Amino acid sequence: MPLLDVKDLKTYFRTDDGIVHAVDGVSFSVEKGKTLAIVGESGCGKSVTCMTIMGLNAKRNTITEGQAIFKDRDLLKIDPDELRKIRGNEISMIFQDPMTSLNPVYTIGAQLREAVQLHENVSKQVANSRSVEMLKAVAIPRAETRMDDYPHQFSGGMRQRVMIAMALVNNPDLLIADEPTTALDVTTQAQILKLMNQLQRDFGSAIILVTHDLGVVAETADDVMVMYAAKAVEKGGYEDIFYRPEHPYTWGLLGSLPRLVAEGADLKPIPGTPPSLLQPPSGCRFHLRCTYAFSPCVPDVPELLPVGGESASDHAVACHLEPEFRRRESHDLLHEVMAEQQV
Amino acid sequence: MLEEPLLKVENLEKHFPITRGIIFQKEIGRVRAVDGVSFSVNKGETLGVVGESGCGKSTMARCVMRLLDPTGGKVTFDGQDITNIKGNDLFKVRREMMMVFQDPYASLNPRKRVGSIVGEALEVHKMGTAAEIKRKVQDLLEVVGLNPEHYNRFPFEFSGGQRQRIGVARALAVRPKLIVCDEPVSALDVSVQAQILNLLKRLQDEFDLTYVFIAHDLDVVRHISNRVAVMYLGKVVEVGEGSQLYNRPLHPYSGALLSAVPVPNPNVARNRKPIVLEGDVPSPINPPSACRFHPRCPRFQAGVCDVDEPQLTEREAGHEVACHYPLETWPMADLRLEPGRVAAS
């Protein structure tokens, strides 16, 4: 049984201009000790998916539907007090921007201790020693003395580590990381990714990693879900997505990466820009930008169906194109580039 | 025959003073943002500049553009020393070099229409009557892939990628020789980023442009550049042809930087051993002595790297590096220099 099972999740926001369909029927599950990556461009609903699971959307203008079953409880329906006990304890979150997600007027130590003491009735000393231990685990030098420092005394990479320490201090079963390395330099990013992998091995947590960087996905994910305009367009193991992708949008994402294009050749970008979620396009939401679109794509919404019929594989795609054709195209477009690529 | 480079930068320095006191300001330190940078850019080529944030890439670009006044060194553009020129001379040079900025949201005036944003440089330099300028602007919009009828729209009506196209059109308006692109695609999504990169490449062929292309994304820089310079803490540590530098980096920092880039290919990504640098970039107020990379360098040799500053020297044709112990092999199979490696402090 999966640790988290999300079924047909819908999150709509009421705005002055109408209803924004930010997440529109997304299902996925996360197994214990595994990493699920959610990939897509900005505004495709990746972050909103996470915020909804964590119950962090503003109540007054949000409409939520669907289920998010975590250890036999539906996170979308349980009462707020119950959820508060789970949040930061059994499920915790790392936010994108380490600059703004720490409180500037409290010391790092106070913020870490708070995370411990909120969920467990322990003395300040115990909370303190656990926090120090966690700071050491995320490789912050001189952890004892740095506990009394304020966030501004840390660099970006160090702040992100503090965020990770705070998220992991209660040994969560599920860690939701929303673009944890986007604001960081590559060298710092490498440090953080290495750290997250290591901690996952040590603590056995499951991770939902939200990112737009396919490189990061290739390095860390077990399963991948590709989102476009509030819907999942393709889902599968990392090998399915990188070596046998079947959705034209996934092809486009891979074709836009300079690394995967032969030297001197042009990139193959996806034309146009992502659609507005106030009035999403009819049928397949990608049809306006899809070079393969044909008549059924405009009126009919494609279902996310397992590749190769039946539910034999985890690889699923939502596309009207003939499976045979998709397989051939996918092979032609990507296979050779991927196979020959060197470090 | 050796053609004169279009842009030549020698020993460029930009130090920002740190002062104390309100009336009597006393200098108590300096941020050495750019500290002795030299490079040249030939006509029609693209020089990529990479480095982590805070390494002085943007400050260097602004000094070259004379948006900041360098505190030392010399910038020669098209055979003319522009380091200290003023007034009318500077005005003339400004027509020849333009800039595309990072943030397409902040770099366009929200209260001006697209037409006047793109046409402003044409007006300033009196390059035609109002009607001519309007026609030129509409042509430009078409060239960068926007609808010429959007002439009267405001920036907020456009998406990030479209705004960056407006930024490119603005830079292109006066037909400059040099365009300095400061992280032009880092705020954009990958699919849109690829569109802008293709556009920049096409325009380079069409208008015979020379680019200085600054970015922190190494893959993007490789894709667009002929030559690449790697900066670390205000200095250039390595310069070379793109293929030289990416296939066989010589400086340990370039190596670490390259190996830190996630590879979008799982089988490759999971089987390589990246060199993960410890620690953060030191402060440019008090940079480490001699080779500035020595506290983080896996090949650090006590008594050499922290005493003697390495100069940028040519190791192969067109491939310069500032390191006492450049890498012999790539990928870095055996990083350590034996014997006598001292742990980085």
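In this predicted model, K7(A) is partly exposed, with 14 other C-beta atoms within 10 Å, a count that lies between the 12 or fewer of an exposed residue and the 20 or more of a buried one. The residue belongs to strand β1 of chain A, which spans residues 4-15. Leaving aside neighbours within four places in sequence, K7(A) makes contacts with S27(A), G66(A) and Q67(A). K7(A) and G25(A), which are 18 residues apart in sequence, are separated by 7.7 Å in space, C-alpha to C-alpha.

Elsewhere in chain A, eight strands form an open sheet with mixed pairing, in the order β6-β7-β8-β3-β9-β10-β12-β11. The pairing of β6(A) with strand β7 of chain A (residues 174-178) is parallel and extends over four bridges; within it, M93(A) has I176(A) of β7(A) as its bridge partner. I176(A) is also among the residues touched by I208(A), together with V30(A), L36(A), I38(A), C50(A) and A177(A), when residues up to four places away in sequence are not counted.

The largest nonpolar core comprises 195 residues, and those with the most contacts inside it are A165(A), I208(A), V226(A), V64(B), V180(B), V212(B) and V230(B). Helix α6 of chain A (residues 156-168) gives the most to this core, contributing eight residues. Because domain 1 (4-221) and domain 2 (226-340) of chain A both give residues to the core, it lies between them.

The contact between the chains takes 37 residues from chain A and 35 residues from chain B. On the side of chain A that touches chain B, at least two residues each are supplied by α6, α7 (186-203), α8 (214-220), α9 (238-243) and α10 (248-255) of chain A, and the largest share, six residues, comes from α7(A). Helix α7 of chain A is also one of the elements against which the buried residues of α9(B) pack, the others being α7 (218-224), β9 (227-232), β10 (235-241) and α8 (242-247) of chain B. Nine of the nine residues of α9(B) (residues 252-260) are buried, so this helix is largely enclosed by the rest of the structure; the buried residues include P252(B), Y253(B), L257(B) and L258(B).

Helix α4 of chain B (residues 130-143) presents a buried side and an opposing exposed face. The helix has 14 residues and reaches 20 Å from its first C-alpha to its last, close to the 20 Å expected at 1.5 Å a residue. G145(B), which follows α4(B), has a positive phi, near 85°.

A positive phi, of about 75°, is also found at G318(B), in the turn of the hairpin that β11(B) and β12(B) form with two residues between them. The two strands, residues 313-316 and 319-321 of chain B, pair in the antiparallel sense over three bridges, and E314(B) has E320(B) of β12(B) as its bridge partner.

Notes
Residues are numbered from 1 along each chain as its sequence is written. Chains are lettered from A and ligands numbered from 1 in the order in which they are written. This is a predicted model: local features need pLDDT of at least 70, side-chain atom pairs count only at pLDDT 80 or more; totals for chains, interfaces and linings use all residues. Two strands pair if DSSP finds at least two bridges between them. A nonpolar core is a set of buried Ala, Val, Leu, Ile, Met, Phe, Trp, Tyr and Cys residues joined through C-beta atoms within 7 Å. Domain bounds come from an automatic or database domain assignment. Two residues are in contact if their C-beta atoms, placed from the backbone, lie within 7 Å. The expected span of a helix is 1.5 Å times one less than its number of residues.
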